[in-house]
Amino acid sequence: MSGGVDSAVAAARAHDAGHDVTGVHLALARNPQTYRTGARGCCTLEDSRDARRAADVIGIPFYVWDMADQFHENVVDDFVAEYAAGRTPNPCLRCNEKIKFAAVLDRAVALGFDAVVTGHHARLGADGLLRRSVDLPKDQSYVLAVLTRAQLDRAVFPLGDSTKAQVREEAAARGLAVADKPDSHDICFIADGDTKGFLERKLGSAPGDIVDSRTGEKLGTHNGAYAYTIGQRKGLDLRVPAPDGRPRYVLSITPKTNTVTVGAREELSVDTVTASRVIWHDSATPVECEVQLRAHGEVVPASVTVADDALTARLHETARGVAAGQAIVAYRRDPAGDIVLGSATITAGVASADLQTSGGAARA
Amino acid sequence: MAYLDHAATTPMLEEALEAYVSASRSVGNPSSLHAAGRCARRLVEESRERIAAALAARPSEVVFTSGGTESDNLATKGIFWSQRATSLNRTRVIASAVEHHAVLDAVDWLNTHEGAAVSLLPVDDHGRVDPAELAELIDRYKDEIAVISVQWANNEIGTVQPIAELARLAAEAGIPFHTDAVQAVGQIPVDFAASGAAALTVTGHKLGGPVGVGALLLGRDVACTPLLHGGGQERDVRSGTLDTAGVAAFAVAVESAVKSQQESATRVGALRDELVNRVRAVVPDAILNGDPADRLPGNAHFSFPGCEGDALLLLLDAQGISCSTGSACSAGVAQPSHVLIAMGADDDRARSSLRFTLGHTSTVEDVDALLAALPGAVERARRATAWKTPR
């Protein structure tokens, strides 16, 4: 119970369903004071109190579990290391994989509990299939797709059939004070929302070159490649304009040479995505499906092949700004909610020879 | 439900509750000059006399406060400020390493905000202060020491400190000695005059009185700068309208707890011994923390190797048994106890500890309930310790 409205209503619904429910708030900051000033972080003392009050109203026991060390090792350190390696991590996904449905679940099961209930917006029904929430803009199946079959078997998501608005209404009707508490959007361990500043403090300044993708010409310098993401256009601060006067985008980050490569928008386009660390629930591949390449991103129709812990997606439409480190999640369209087929960590977005030719033609 | 957390707070005595309700029905500010005020004042002063008589203090030495935390803060900070005002050299504070946070954090504040030098008295593996250590510190820092604070008995492990000896050393050197006797009053004999202490903290809700009222027994000749400024109601050392009903109930509770102390200690002590023996029988590797003999009669404090204290607490709570990890919480997260760490326990032993405290309502059925639930809880908690291993 984060102290937000979703987990409060999820707990209430699980309790109503007749389960023996215990509320658990995770203390994730090594020093609770660290995140105290920012009301935006998800592990402040205020949030802990809100969660406790919700548990009181529902009528369930409530405890705070100290997961600071596990969170730091598996989520925060991983987040920093991924950026240092030129990738773009998703810490919420990692937290689900390593904390909520690993460290917390393992401890809970050992203590005699059967499952972990969370307020994630996703559906997980009797058929065991993970599906998108009915509230598509709030759907969180993308950050849950990393869960294995064993983890899903001990997960309960009571909110998947409700919209966020319905959850808020229900919270108000239940007398939960968090009913109108604002959503948290930021990364919980970066209380001020300044990811770039956070990475700078963790990784230090590491000046390097910004180069042109075609000519290899040095266009400018940067203070740390980790501050850039694939597809980024703003904040490049390049003195030399492109010859055609068009905006330039970050195409790739090469940690080895500490280089940020920039180029034209169409050079961002890829039609093939490779990925590793595959979680695959479904049957045989190749399979025709839809893939999502970032949180709240568009879906792209694709043909997905899984072999030897590697996933390859041939996209039927090009995608832009595909960043290594993000998850690729495959969905099968379904009237009862699109079904998660599997997930993997993107290693590269590639433009096939065909695309390069057609892209060249377009430019010509 | 088995309530085994009397050191956290104990149920109000029936007679204290009656005194509270009865006093609450009357109007009157004890500082008012009219009849209603005089009536309230009379009740406050009678209460003061009852408390003074029960604890061997003079009535004028009873300063009512909001409870233990305020009394500890007032004693440590107030005496420090007054001592420093008499001599700029007197800027050192001595406290035991196992004090309650109300003393430790106040002392820490004096260090960071008032430039106080702090010496913490170490304890042995039973949590006991060695008077020789204090003698040595006094010898070394004699003219620098503003105040010494050592609790009468420890709130976590129940160890009773050699207060008379420590207070005598302080008195011989002319240094004010404060003792936090919150856990001691009602459990063991406490005699303020005989103790030789300059100041003593006592609170209502640990002995059958209400929460939110307590006192600092403050020797008549001990200078103490106030924390709270205002009407100067209490000897100009403490301001704030007196809580007539709270004070009346507090006095009844103190008197009653002190009167029945010996009988209660015998009964509760025997029950505690039974609890300890039966816990050891079902969990043979459980370690009893604290002084085996010189401890509070209601206190049993164990480390259960291989368990997390907070996991055990959750499992016992689910079985209707209330106990405590005994240590301070920060955002609800149990920190490893500074008391156990000071006794030389490692982090794991400190985190594996659980406190059971008995009081005036405890019965053998409470112990039975604990023993019925404990073996299963320990077994589960041990399995749950594996969660710590990172994947």
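Two strands count as paired if DSSP finds at least two bridges between them, and helices (H or I, at least four residues) and strands (E, at least two) are themselves DSSP runs, numbered from the N terminus. What you're looking at is a predicted model, where local features need pLDDT of at least 70, side-chain atom pairs count only at pLDDT 80 or more, and totals for chains, interfaces and linings use all residues. Residues are numbered from 1 along each chain as its sequence is written, while chains are lettered from A and ligands numbered from 1 in the order in which they are written.

Let's begin in chain B, with a pair of strands. Strand β3 (residues 92-96) and strand β5 (residues 145-149) of chain B run parallel, joined by four bridges. Across from V93(B) you'll find V147(B), in β5(B).

Now for the domains of chain B. Domain 1 covers 2-8 + 261-386 and domain 2 covers 14-259, with bounds that come from an automatic or database domain assignment. Taken over C-alpha atoms, the centres of these two domains of chain B are 28 Å apart. Where they meet, 23 residues of domain 1 of chain B are in contact (C-beta atoms, placed from the backbone, within 7 Å) with 25 residues of domain 2 of chain B. On the domain 1 side, the elements giving two or more residues are α9 (261-282), β10 (299-303) and α11 (338-342) of chain B.

Over in chain A, there are eight helices and 16 strands. The C-alpha trace of chain A spans about 65 × 45 × 35 Å along its principal axes. Of the 364 residues in chain A, 46% are buried, meaning that 20 or more other C-beta atoms, placed from the backbone, lie within 10 Å of a residue's own.

How values were computed. Buried ≥ 20, exposed ≤ 12 C-beta atoms within 10 Å, placed from the backbone. Contact = placed C-beta atoms within 7 Å.
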